[in-house]
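Colleague: I am new to this structure. Could you take me through it in short steps?

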Amino acid sequence: MNDILKMISHCVETGKIDRSCPYPPDMKGQDGADELTKQALDEGIRPDDILENALIPAMAAVGDRFSRKEIFVPQMLMAAKAMNSAMKHLKPYFLSGETRRKGKFIIGTVSGDLHDIGKNLVAMMIEGGGWEIIDLGVDVGADKFLKAIEENPGAVVGLSALLTTTMENMKIIVDSIKVKHSGTKILVGGAPVTREYCERIGADFYSPDPQGAVNYLKQLVS
Ligand code: B1M
């Protein structure tokens, strides 16, 4: 891996957000994920290369270390902040110049769940694919989804869940939407979600990644 990608990955893994961030102490005064991502883009490294080869593997490593109890929630939070500081530089590249919107896409992380990095990534890629995004944020219950659908008839809905516990809330939300707005297409995703689970809860499509979600929407309008 390119040296700067290794450095970005290390910054995300250790929660080094930017130069002013005093954490971790042995990197005090050094550039963080923020500055290094900007530098990498200035050097001509492709945004998808930075995402796939530095940021996503770093977050996977953070998850593994959390599972092994080598780090705890505060460190996970710092890693998430470092990832976001890198993502803000990548966002403009993922949002292509398409002006004519293909439709509306309502997205949210389901009730009880505060994880939003993956959801934001999916929203960003879909927005780049020409869709208008209505982002309901995190910890979103059925009522909020229903209200958004009423305000945006015909919109496609995306549900994200990162916890095996909150994944169960997807079923409640899908049931509510299908009862009140049976024609609404629902896309589900997030680390613990599977195709089999999607079918079981009556959602329309499962994608393990943002690109699959973009392709599904493309196929819906074609
Ligand atoms: Co949390 N956390 N966390 N956490 N956290 C996980 C998910 C965990 C797997 C870590 C672990 O144990 N190894 C574990 C879940 C275990 C389980 O249920 N099986 C876990 C836990 C246990 C918890 C807490 C319960 C910890 C605690 O308090 N004891 C707690 C729960 C809080 C809550 O939500 N109520 C908690 C808290 C947090 C933080 C707040 C500290 C922070 C989140 C900050 C934030 O999001 N703003 C955090 C983080 C950072 C993680 C890990 C390390 C990283 C998640 C991430 O951002 N990944 C995570 C471990 C891991 O994932 N390896 C972990 C990067 C992101 C790009 O990937 O989100 O998977 P991901 O999204 C992917 C795909 O899933 C897909 O596309 C994305 C891009 O490829 N995708 C979709 C996602 N949504 C989609 C929707 C789609 C389609 C595709 O269509 C609509």
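Modeller: One definition comes up at once: a residue is buried under 20% relative accessible area, exposed over 50%, and partly exposed in between. Keep in mind that this is a predicted model.

Colleague: With that cut-off, is Lys-69 buried or exposed?
Modeller: Lys-69 is found in the loop between helix 3 and helix 4. The limit for exposed is over 50%. Lys-69 has 63% relative accessibility, so it counts as exposed.

Colleague: Where is Asp-139, and what is its phi?
Modeller: Asp-139 is found in the loop between strand 2 (132–135) and helix 6 (142–151). Its relative accessible area is 43%, so Asp-139 is partly exposed. Asp-139 is a residue other than glycine with a positive phi, near 55°.

Colleague: Let us step back to the whole chain. How many helices and strands does the protein chain have?
Modeller: From the N terminus on, the elements run α-α-α-α-β-α-β-α-β-α-β-α-β-α. The secondary structure comes to nine helices and five strands.

Colleague: What is the radius of gyration of the protein chain?
Modeller: The C-alpha trace spans about 55 × 40 × 25 Å along its principal axes. A compact globule of 222 residues would have a radius of gyration near 17 Å. The protein chain agrees with that, at 18 Å.

Colleague: Among contacts between residues at least 6 apart in sequence, what percentage joins residues at least 24 apart?
Modeller: Of the 222 residues, 47% count as buried. Contact here means heavy atoms within 4.5 Å. Of the contacts between residues at least 6 apart in sequence, those joining residues at least 24 apart make up 68%.

Colleague: What share of the accessible surface belongs to carbon and sulfur atoms?
Modeller: The accessible surface of the protein chain comes to about 11200 Å². The share of carbon and sulfur atoms is 54%.

Colleague: How far apart are the centres of the positive and negative side chains?
Modeller: There are 26 positive and 30 negative side chains in the protein chain. The centres of the two sets lie apart by 3 Å.

Colleague: Which helices do the buried residues of helix 2 pack against?
Modeller: Helix 2 covers residues 33–42. Its buried residues include Ala-33, Leu-36, Thr-37, Ala-40 and Leu-41. Residues three or four places apart in an α-helix point the same way. The buried residues of helix 2 pack against helix 1 (3–14), helix 3 (47–67) and helix 4 (73–94).

Colleague: Which residue with a positive phi follows helix 2?
Modeller: The phi of this residue is near 95°. The residue is Gly-44.

Colleague: Which peptide bond is cis, with omega near -5°?
Modeller: Most peptide bonds are trans. Pro-24 has its place in the loop between helix 1 and helix 2. The cis bond runs from Tyr-23 to Pro-24.

Colleague: Which residues does Gln-30 touch, not counting those up to four places away in sequence?
Modeller: Gln-30 also has its place in the loop between helix 1 and helix 2. Its relative accessibility is 39%, so Gln-30 counts as partly exposed. Gln-30 and Asp-18 are 12 residues apart in sequence and 7.8 Å apart in space, C-alpha to C-alpha. Beyond four places in sequence, Gln-30 touches Lys-16, Asp-18 and Arg-19.

Colleague: How far is Ala-60 from Glu-13 in space, C-alpha to C-alpha?
Modeller: Ala-60 is found in helix 3. Its relative accessible area is 43%, so Ala-60 is partly exposed. Ala-60 and Glu-13 are 47 residues apart in sequence, and their C-alpha distance is 8.9 Å.

Colleague: Last one. Is Leu-146 buried or exposed?
Modeller: Leu-146 has its place in helix 6. Leu-146 touches Ser-176, Ile-177, Lys-180 and His-181, leaving aside residues up to four places away in sequence. At 9% relative accessibility, Leu-146 counts as buried.

Note on methods:
Residues are numbered from 1 along each chain as its sequence is written. This is a predicted model: local features need pLDDT of at least 70, side-chain atom pairs count only at pLDDT 80 or more; totals for chains, interfaces and linings use all residues. Side-chain values use heavy atoms; hydrogens and water are left out. Helices (H or I, at least four residues) and strands (E, at least two) are DSSP runs, numbered from the N terminus. The radius of gyration is taken over C-alpha atoms; the globule rule is 2.2 Å times the number of residues to the power 0.38. Buried means under 20% relative accessible area, exposed over 50%, partly exposed in between (1.4 Å probe, protein chains only). Accessible areas come from the Shrake-Rupley method with a 1.4 Å probe; for residues, only the protein chains shown count as cover. Lys and Arg count as positive and Asp and Glu as negative; His and the chain ends are not counted. The place of a charge is taken as NZ of Lys, CZ of Arg, CG of Asp or CD of Glu.
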